[in-house]
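I am opening a notebook on a structure that is new to me. I will take it one topic at a time and write down what I look up.

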Amino acid sequence: ECLECDDSLHCLSCKSSNAIVLENKGCKCNDGYWNDTSLILEDSCQKCFDECSLCENSYSCLDCVSFYSIPKDVGCKCIDGYYAIGPLVLVNSCIKCAEECLSCQEGILCEDCIAAHAVPDKVSGCVCEDGYYNVKDLSYEDACLPCGDSCLKCTGADTCSVCKDPNAILSSNNICICGNSYYYDSKNSSCSPCN
């Protein structure tokens with residue numbers, strides 16, 4: 001492996017380009033290059049895939065160029081909470097998602113949400129799913145709490161915006177009550193028609 005040496009094992013320079021001298025003996029490929037043979041030819045060290053900072057062969061990365069990325073079958077992928085708009089060939093290729101996204105395709109379009117009982121919004125970020133309302137920033141896991149039993153949608157525990165029962169209406173203080181010609185049937189927990 002030695003182009004020049006000062007004894008039989010200690011190289012001063014290497015035959016292969018893109019290789020460095022090891023302290024104890026011989027040579028090894030630079031980061032970003034790999035080999036599957038001894039480093040006895042000039043082209044023994046071959047370039048890794050552009051997304052790899054270290055690799056075991058052309059496409060199998062051991063480490064990635066971009067921060068916040070991990071190896072996958074071929075190249076690298078951004079970790080949860082980050083997304084990319086192109087190949088991960090720069091240190092800043094993985095960009096942080098919006099705070100409430102567990103994962104995203106673009107900064108404000110979440111695929112999964114951090115908060116339990118939250119779903120991605122079609123426009124941006126996340127919203128609490130039907131039957132839940134948010135009490136704090138949706139970047140917290142416990143941000144969505146359940147509505148009262150009679151609410152399909154609500155803005156607070158007992159402040160309904162849509163009633164669960166189709167025969168119920170909202171009162172002036174946003175509580176669901178049975179509409180005209182209906183009564184509350186406690187046996188079925190629903191509004192039943194009057195006789």
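This is a predicted model: local features need pLDDT of at least 70, side-chain atom pairs count only at pLDDT 80 or more; totals for chains, interfaces and linings use all residues.

**Entry 1: E141.** I start with E141. I find E141 in the loop between β17 (132-134) and β18 (144-146). Is E141 buried or exposed? Its relative accessibility is 59%, and exposed means over 50%, so E141 counts as exposed. Next I list its contacts, leaving out residues up to four places away in sequence. E141 touches I114, A115 and A116. I also check a distance to G81, which is 60 residues from E141 along the chain. The C-alpha atoms of E141 and G81 are separated by 14 Å.

**Entry 2: salt bridges.** Side chains of opposite charge can pair when their charged atoms come close. How many salt bridges does a search of the whole structure find? It finds 1. D142 forms a salt bridge with K136, and the closest N and O atoms are 3.0 Å apart. I look up the accessibility of both partners. D142 is at 47% relative accessibility and counts as partly exposed. K136 has a relative accessible area of 34% and is partly exposed as well.

**Entry 3: a charge without a bridge.** I turn to D185, in strand β23 (residues 182-185). D185 is buried, yet it has no salt bridge. Which side chain of opposite charge is nearest to D185? It is K187, 6.6 Å away. A salt bridge needs a nitrogen within 4 Å of a carboxyl oxygen. I then ask what D185 does touch, leaving aside neighbours within four places in sequence. D185 is in contact with S190 and S192.

**Entry 4: nonpolar cores.** The largest nonpolar core has 13 residues. Which of them touch the most other members? They are A115, A118, C126, L138 and C144. Strands β13 (101-106), β14 (109-113) and β16 (126-128) each supply at least two residues of this core.

C144 touches A115, A116, H117, A118, C128, Y132, Y133, N134 and L138. A115 and A116 are also touched by E141.

**Entry 5: aromatic pairs.** A pair of aromatic rings is described by the distance of the centres and the angle of the planes. With centres within 6.5 Å as the rule for a pair, the count comes to 2 aromatic pairs. F49 and Y59 form a tilted pair, 5.1 Å centre to centre, with 50 degrees between the planes. This pair links distant parts of the chain, 10 residues apart. F49 is in the loop between β6 (46-47) and β7 (52-55), and Y59 is in the loop between β7 and β8 (61-64). F49 is partly exposed at 27% relative accessibility. Y59 is partly exposed at 45%.

Why is the pair of Y68 and Y82 called stacked? The ring centres are 4.3 Å apart and the planes are at 5 degrees, and planes under 30 degrees apart count as stacked. Y68 lies in the loop between β8 and β9 (69-71), and Y82 in strand β11 (residues 82-83), so the pair ties together parts that are 14 residues apart in sequence. Y68 is partly exposed, at 45% relative accessibility. Y82 is buried, with a relative accessible area of 16%.

**Entry 6: charges over rings.** I stay with Y82. The charged end of K96 sits over the ring of Y82, 5.4 Å from its centre. I note another case at Y33. There the charged end of K47 sits over the ring, 5.8 Å from its centre.

**Entry 7: positive phi.** N174 has phi near 60 degrees. N174 lies in the loop between β21 (168-170) and β22 (176-178). Its relative accessible area is 32%, so N174 is partly exposed. S181 has a phi of about 75 degrees. S181 is in the loop between β22 and β23. At 54% relative accessibility, S181 counts as exposed.

How values were computed:
Residues are numbered from 1 along each chain as its sequence is written. Side-chain values use heavy atoms; hydrogens and water are left out. Rings of Phe, Tyr and Trp (its six-membered ring) pair if their centres lie within 6.5 Å; planes under 30 degrees apart count as stacked, over 60 as edge-to-face and the rest as tilted. Helices (H or I, at least four residues) and strands (E, at least two) are DSSP runs, numbered from the N terminus. Buried means under 20% relative accessible area, exposed over 50%, partly exposed in between (1.4 Å probe, protein chains only). A charge sits over a ring if NZ of Lys or CZ of Arg is within 6 Å of the ring centre and within 35 degrees of the ring normal. Lys and Arg count as positive and Asp and Glu as negative; His and the chain ends are not counted. Contact means heavy atoms within 4.5 Å. A nonpolar core is a set of buried Ala, Val, Leu, Ile, Met, Phe, Trp, Tyr and Cys residues joined through side-chain atoms within 4.5 Å.
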